[in-house]
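Hi,

Here is the structure I promised to pass on. Have a look at it first, and my notes follow below.

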Amino acid sequence: MTELIRQTAAEMAAALAQGTTTSVELTQAHLDRIAAVDGAVHAYLHVDAEGALAQAAASDARRSDGKPAGDLDGVPIAVKDVLATQGLPTTCGSKILEGWIPPYDATVVAKLKAAGLPILGKTNMDEFAMGSSTEHSAYGPTHNPWDLDRIPGGSGGGSAAAVAAFQAPFALGTDTGGSIRQPGAVTGTVGVKPTYGGVSRYGLVALANSLDQVGPVTRTVLDSALLHELIGGHDPRDSTSVDAPVPGLVAAATQGAQGDLSGLKVGVIKELGGEAQGNEGWQQGVQQRFQESVDHLVAMGAEVVEVSCPSFVHALAAYYLILPAEASSNLAKFDAMRYGLRVFPEGVDSPSAEEVMRASRDAGFGDEVKRRIILGTYALSSGYYDAYYGQAQKVRTLISRDFEAAFGQADVLLSPTAPTTAFKLGEKLDDPIAMYLNDLATIPANLAGVPGISLPSGLADEDGLPAGVQMLAPALADDRLYRVGAALEVALIEKWGGPLLDRAPSLTGDAS
């Protein structure tokens, strides 16, 4: 079974097509793995063994009839608990939604079901996707499979940890300021934030409407391309959806895997490599692995230039005004009147609606959510809107212009994904600013709506933990990420002598 779950999603799909395995076998193998190791990792909030096996059996029946629903029919998947799943709990990692079962599927979930992918369960996350470590889940933190005393990144640490621990071949995540890419970097997985609007947001419980984006969490670039093509495309139910065809992502990944990047220009972002800040806050091992990635791209024929994006130094500040403002507005609907947690204040015989709302939100929201609601409400309040929120939106425009200028000089942009490797659980919980700095390199892409991919760049010398390299492309040019990402992945795997996750420590339940 260990050999079975260590295959890539593409390999599993090929095995299903060839008849050398069945979806029920694949699904059961992953359910067995979850039962064996998730007590230590805590990647899942809800496992749907019965439902997943029923979906797997239906997939096997389709293949027996010669009518598979798609190339990935029968390959199991995990879903971040911020996406609505009909008949399965969707809590967003919050007590205020404990036990809520949506009456509908998010568009991306509906696409998974239509394509025949059994859904293993819902993965853990920072409450309402607010965090960089998955320590802000109301149901306890997720642990990094590389070191169970360390964070798996956030907010989508559950999806990344599930994939890294071989508890799912791939997963869906969401990226608002780096919540797919940063967990990918610290767990040794591949994470993609598509172009804003390139994947439907319908059924995604919104954190910040102008920033959120659904995307793949996988172990290889090709697997991300396969999943991205499946979930991408226009959705008339999503007003932010882009009415444009999904570019040939699988074809781009296949081309990139040939290792020829002749004629490609790669821009190294000066402000996101640590140089502009005197290397302060940027771990040396992360920078070393990043430079090695740049060298590999040069060896494959790419031309590397340095580009400057001066407004990026203000991205973090702008983001932490825009996001809380949108979150404050979005979370107003959790008022205990229609669904979710309802708490009656103690010592009040006939409480008013306002008193019930206050008691329910106080009991249902965690500290980080309350912190951001307060920040956002303040930024939007009369007398401060122009001084804070309005100014942040102006900075956002400057960041978009910096991207436009940089893409005039290079086809893709490059930086480390995160300044450091995974830090220890609890290390930054009492210092929100230090926690927020983990998203330093990923936030600009969300503010501008451009796509980004993170893939493993190797292990840092200081601690032997994974580091990540991030590539960014112009809006709707997601295929460039897959071409360059696949090329770099092949070069790095050849250097390592096998996938980076082969070096991860064994977890309880390994049969090898």
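To start with the rings: which residues do ring pairs link into a cluster? They are Trp 100, Phe 128, Phe 334, Tyr 339 and Phe 365.

Before the details, some housekeeping. This is a predicted model, where local features need pLDDT of at least 70 and side-chain atom pairs count only at pLDDT 80 or more, while totals for chains, interfaces and linings use all residues. Residues are numbered from 1 along each chain as its sequence is written, and side-chain values use heavy atoms, with hydrogens and water left out.

**Aromatic rings**

Searching the whole structure gives 13 aromatic pairs (rings of Phe, Tyr and Trp, the last by its six-membered ring, with centres within 6.5 Å; planes under 30 degrees apart are stacked, over 60 edge-to-face, the rest tilted). Phe 128 and Phe 334 make a tilted pair, 5.0 Å centre to centre with 50° between the planes. This pair links distant parts of the chain, 206 residues apart: Phe 128 is in the loop between strand 3 and helix 6 (157-164), and Phe 334 is in the loop between helix 11 (315-330) and helix 12 (353-364). Helices (H or I, at least four residues) and strands (E, at least two) are DSSP runs, numbered from the N terminus. Phe 128 is buried at 2% relative accessible area, and Phe 334 is buried at 4% (buried is under 20%, exposed over 50%, partly exposed in between, with a 1.4 Å probe and protein chains only). Phe 128 also pairs edge-to-face with Phe 365, at 6.0 Å between centres and 75° between planes. Since Phe 365 sits in the loop between helix 12 and helix 13 (367-380), this pair ties together parts that are 237 residues apart in sequence.

Eleven strands form an open sheet with mixed pairing, in the order 1-3-2-4-6-5-10-11-9-7-8. Strand 1 (44-47) and strand 8 are its edge strands, each pairing on one side only. Strands pair if DSSP finds at least two bridges between them. Strand 7 (residues 265-269) runs parallel to strand 8 (residues 303-307) over five bridges, with Ile 269 partnered by Val 307. On strand 9 (residues 412-416), also parallel to strand 7 and joined to it by three bridges, Leu 414 stands opposite Val 268. Four of the five residues of strand 7 are buried, so this strand is largely enclosed by the rest of the structure.

**Charges**

What is the count of salt bridges? It comes to 15, taking a side-chain nitrogen of Lys or Arg within 4 Å of a carboxyl oxygen of Asp or Glu. One of them joins Asp 81 and Lys 122, with the closest N and O atoms 3.0 Å apart. Asp 81 lies in the loop between strand 2 (77-80) and helix 5 (107-114) and Lys 122 in strand 3 (residues 119-123), so the bridge ties together parts 41 residues apart in sequence. Both Asp 81 and Lys 122 are buried.

Another salt bridge joins Glu 292 and Arg 289, at 2.8 Å between the closest N and O atoms. These two are three residues apart in helix 10 (residues 284-299), about one helical turn. Glu 292 is partly exposed at 23% relative accessible area, whereas Arg 289 is buried at 9%. Together with Asp 461 and Lys 495, Arg 289 and Glu 292 are linked in a network of salt bridges.

Best wishes
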